[in-house]
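Have the sequence and the 3D view open as you read.

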Amino acid sequence: MSTLTRSRRLGVKLSTFLSAAALVVAFLLLTGSQPANALPAFARKYGLRCSACHESWPMLNYFGQKFKDNGYQLMNDRDAPIWQNPGYWPVTFRITPIWHRVSTGKVEVDTYSGGNPTGLSAVQRISSSGFDLSGLDFHTAGTLEKNYSFYVLPSSDSTGAFHFEQVFGRLDNLFGSPWLNIKFGRFELDNLLSEKRILTLTGNGGIYQTYHFIPVGDGNIFGQIGDNQLGVEYMGHSVDDRTRISASLISSSDGNVNLSTGANSYTAFFTGSQAFDAGRLGVQRIGFYAMAGEAATYYLTAGGVPQPGTGVANKGFTREGFVGQFYFGPHVDLTVVTQHGSDNAWFGQGYGNAILTDGNGGTTATCSSPTPGCPANNVPGTTLPTGSKAPSWNGYTFEGHYVYSPQLIFIGRYEAERMSQQANGSGYTPGFTGPNGLTGPTASNFGNITTYTIGYRYNPFMTSRAGFAWHNEYNWLHQDGTGATLGLGTVNVNTSELLIGFDFDF
Amino acid sequence: MRTRLQTWSLLLGATAVLALPAASWAQLTQADFEPRLGMESHVGNLTGHAKDAKADYRRYCVGCHGELGDGNGENAPYMQPPIYQQPRDFQLAVFKCRSTPTGTLPADQDLFDAITRGFDRTNMPQWNTLSKQERADLVAWVKHYSPRWATEKPGTPITIPPEPEVTADRIKAGRDVFARVQCWKCHGVLGQANGPSASTLTDDLGRPIAPFNFTEGARPKCGDTDKDIFRIFMTGLDGTPMPSYADNIKPDEAWDLVFYLRTLMRQDSKEKVLAKGLNLKPVDPNAPAGQQ
């Protein structure tokens with residue numbers, strides 16, 4: 001633990017902010033729900049075990065993916081609800097009681113002397129452990145009629161505050177063709193490695209960092225392909241699902257309702273993949289995805305406060321990458337996802353999220369720049385600081401599984417996010433603090449993330465009625481340069497979490 | 001002094017104790033099938049191995065077909081006619097969809113096709129997402145449940161002559177065949193599965209079974225190509241009341257019947273267009289033979 005004078009504290013505002021933000025994010029992730037789409041309601045409807053559709057629930061295997069692509073239909077001419085027992089209602093709940101221990105380094109805290117604040121700060125590692133809950137998901141999904149499918153997922157955080165995580169209707173197999181399917185509503189983008197079906201639950205390991213990476217200080221929250229989005233999706237696939245394509249048009253709102261952001265700005269997302277038979281190795285799949293969109297950087301203000309739904313001055317961003325799903329026999333598989341991301345320089349300087357949303361359709365921003373401490377808003381006459389660059393980066397996700405049996409799966413994941421161009425590039429004025437809160441040229445590795453996750457899930461039983469998994473997981477995350485430094489230079493942050501829980505649904 | 005009652009009680013008790021192991025011997029276990037784990041299948045260039053299918057069978061199939069392949073998986077009790085049919089009992093080695101004559105074992109390709117195609121109007125989905133090797137392995141696994149595969153050879157697939165051109169005369173001839181071999185008794189005069197015998201049908205295990213409804217729009221269980229339909233009534237669906245008509249219908253007549261059946265189906269077809277022009281009436285069950 002170290003202490004500093006008041007004058008030196010002024011130079012560490014940024015790192016304090018970043019540490020606090022990291023803690024808030026970690027808290028939200030830990031206490032937030034982990035929506036996932038494992039539906040024993042489908043197993044009950046069709047009499048198939050969880051393992052038929054899930055490599056290990058909720059992660060889909062190829063058969064489950066085809067079932068989903070067909071609009072939650074087996075295509076056996078008995079998919080319509082008219083064939084079900086009238087008492088059947090396709091509802092599943094999922095919740096996870098857990099014990100976890102979270103340890104975060106380089107957090108700035110106050111110091112005291114004789115019971116009184118010293119006015120000084122200290123940096124230390126904070127660890128906390130205890131029993132906890134995940135959020136609660138109520139999945140209801142299936143068919144309204146043959147080739148008319150739906151999904152409604154009210155989801156709560158661990159305090160019971162609900163929002164609609166997923167809501168859509170889908171027209172399946174239009175004109176009798178599997179190549180014509182239209183989805184409308186709030187849904188997960190067509191990611192082959194689905195974050196909503198992720199096998200891990202910790203705060204940092206329970207998401208794919210590659211799907212959510214935002215450079216430090218960047219104001220573009222709209223390129224997170226892991227978040228459910230509002231829009232319309234075309235999807236087509238071959239009868240055996242070996243070939244898949246999709247195209248989505250979504251509001252640039254990161255899935256937030258009420259159009260507080262994303263009014264009049266849109267993003268397109270495209271995917272394509274091809275699977276091929278590799279004999280005893282199994283079925284392999286390779287594909288790509290690409291996202292191109294624009295989002296507002298200026299929100300009209302009233303009394304200095306940005307007004308929801310008034311976004312203009314759109315700027316562009318892109319995300320693109322490759323996906324590979326490789327099987328090495330019946331027990332081992334590896335999924336690889338890459339990403340190259342790029343944001344307009346305005347986003348890099350912190351513009352874009354002047355309307356801070358609370359995730360439930362509400363807004364939290366009460367002021368905007370140039371007021372110090374308020375979100376950057378590209379009001380008329382604003383200019384970019386000299387030397388501003390369009391931030392870009394590359395991300396890699398490698399996730400492997402050893403499937404001992406349908407009841408026991410071991411999981412290992414490595415992710416790396418590497419900045420290739422910083423917003424405050426080499427030409428940035430040294431010592432100048434930009435609207436993104438970053439001072440001077442930043443180090444080339446500033447904000448890079450490296451994370452490992454290992455774990456296993458054991459299902460003591462496997463039926464077509466319910467799911468239960470004993471879950472054990474460890475995640476370690478390292479980020480370059482974002483720790484509280486108290487003016488002593490850049491400091492890396494290491495965060496770790498150990499989690500044990502009962503993950504069940506019925 | 002031992003009474004007569006005591007003596008009888010002792011005898012009965014001893015009998016019961018001796019009978020218990022015998023009863024458990026009658027109950028098959030997985031160990032009974034292990035000697036046949038070396039079973040192979042041959043599908044095209046692929047050789048399937050039963051032992052390699054164990055994980056896939058457990059993952060995908062066991063919920064319906066059961067650990068012992070007897071069709072008594074946990075879901076079997078909930079699959080009841082008329083909505084669903086019971087899962088297949090692999091121990092009996094009796095299969096509906098075959099290219100081989102009635103009463104014979106199917107070819108490996110038949111089982112492979114069944115796994116790939118699935119069965120409409122049942123809980124058996126299309127497993128075409130599995131690799132061909134996995135499906136070939138599963139065919140071998142299915143075979144390992146019955147000793148028939150060790151002692152019998154599959155039948156020789158029937159010969160299907162080339163499909164002739166559809167004509168109005170052939171459709172009319174097919175209608176005559178439909179009347180002559182009394183397809184209508186089960187399938188109904190309009191193919192609506194409402195013939196006079198329909199409600200009385202049971203499978204070989206005594207379970208109720210419904211005839212195929214041509215007008216529902218569903219695909220025939222054993223495939224929906226013209227060749228598949230030809231094969232169905234020339235090989236019969238073993239284990240069901242649908243017999244083989246190989247001895248009653250000549251191959252050329254069989255094609256006529258295929259064309260007529262197409263006119264009963266909901267799906268659009270060249271045959272339906274031709275039949276519309278013919279103003280074809282349903283068969284008359286009361287008409288004298290040859291006077292439809």
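## The two chains

Residues are numbered from 1 along each chain as its sequence is written, and chains are lettered from A and ligands numbered from 1 in the order in which they are written.

Chain A has 7 helices and 22 strands; helices (H or I, at least four residues) and strands (E, at least two) are DSSP runs, numbered from the N terminus. Of its contacts with a separation of 6 or more, 67% are between residues 24 or more positions apart. A contact here means C-beta atoms, placed from the backbone, within 7 Å.

How confident is the predictor? On pLDDT, its confidence in each residue from 0 to 100, chain A averages 89, and 90% of the residues score at least 70. Residues 1–36 of chain A are another story: pLDDT stays under 50 there, although the model has 78 contacts beyond four places in sequence for them. Where pLDDT is low, the predicted coordinates should not be read in detail.

Chain B has 11 helices and 2 strands, in the order α-α-β-β-α-α-α-α-α-α-α-α-α along the sequence. Of its 292 residues, 42% are buried. Among its contacts between residues at least 6 apart in sequence, 64% join residues at least 24 apart.

## Where the chains meet

The contact between the chains takes 25 residues from chain B and 26 residues from chain A. On the chain B side, helix 3 (54–65) and helix 5 (132–143) are the elements that give two or more residues, and helix 3 gives the most, with 7 residues. Sorted by class, that side has 8 nonpolar, 10 polar and 7 charged residues. For the sorting, Ala, Val, Leu, Ile, Met, Phe, Trp, Tyr, Cys and Pro count as nonpolar, Asp, Glu, Lys and Arg as charged, and the others, Gly among them, as polar.

The expected span is 1.5 Å times one less than the number of residues. Its buried residues, including Tyr60(B), Cys61(B) and His65(B), pack against helix 4 (50–53) of chain A together with helix 5 of chain B.

Helix 4 (residues 108–117) of chain B is mostly covered, with 8 of its 10 residues buried. Among them are Asp108(B), Phe112(B) and Arg117(B). The buried residues of this helix pack against strand 1 (40–43) and helix 5 of chain B.

Helix 7 (residues 168–180) of chain B reaches 18 Å over 13 residues, close to the 18 Å expected. Its buried residues, Phe178(B) being one of them, pack against helix 8 (184–187), helix 10 (251–264) and helix 11 (270–278) of chain B.

|---|---|---|
| Helix 3 | Gly66(B) | near 85 degrees |
| Helix 4 | Gly118(B) | near 70 degrees |
| Helix 7 | Gln182(B) | near 60 degrees |

## Domains and cores

Chain B is assigned domain 1 (33–151) and domain 2 (168–278), with bounds from an automatic or database domain assignment. Their C-alpha centres lie 26 Å apart, and 17 residues of domain 1 are in contact with 19 residues of domain 2.

Which residues touch the most other members of the largest nonpolar core? In this core of 90 residues, they are Val139(B), Phe178(B), Leu257(B), Val258(B) and Leu261(B). A nonpolar core is a set of buried Ala, Val, Leu, Ile, Met, Phe, Trp, Tyr and Cys residues joined through C-beta atoms within 7 Å. Helix 10 of chain B gives the most to this core, with 8 residues. Both domains of chain B give residues to this core, so it lies between them.

Methods:
This is a predicted model: local features need pLDDT of at least 70, side-chain atom pairs count only at pLDDT 80 or more; totals for chains, interfaces and linings use all residues. Two residues are in contact if their C-beta atoms, placed from the backbone, lie within 7 Å. A residue is buried if 20 or more other C-beta atoms lie within 10 Å of its own, exposed if 12 or fewer, and partly exposed in between; C-beta atoms are placed from the backbone. pLDDT is the predictor's confidence in each residue, from 0 to 100.
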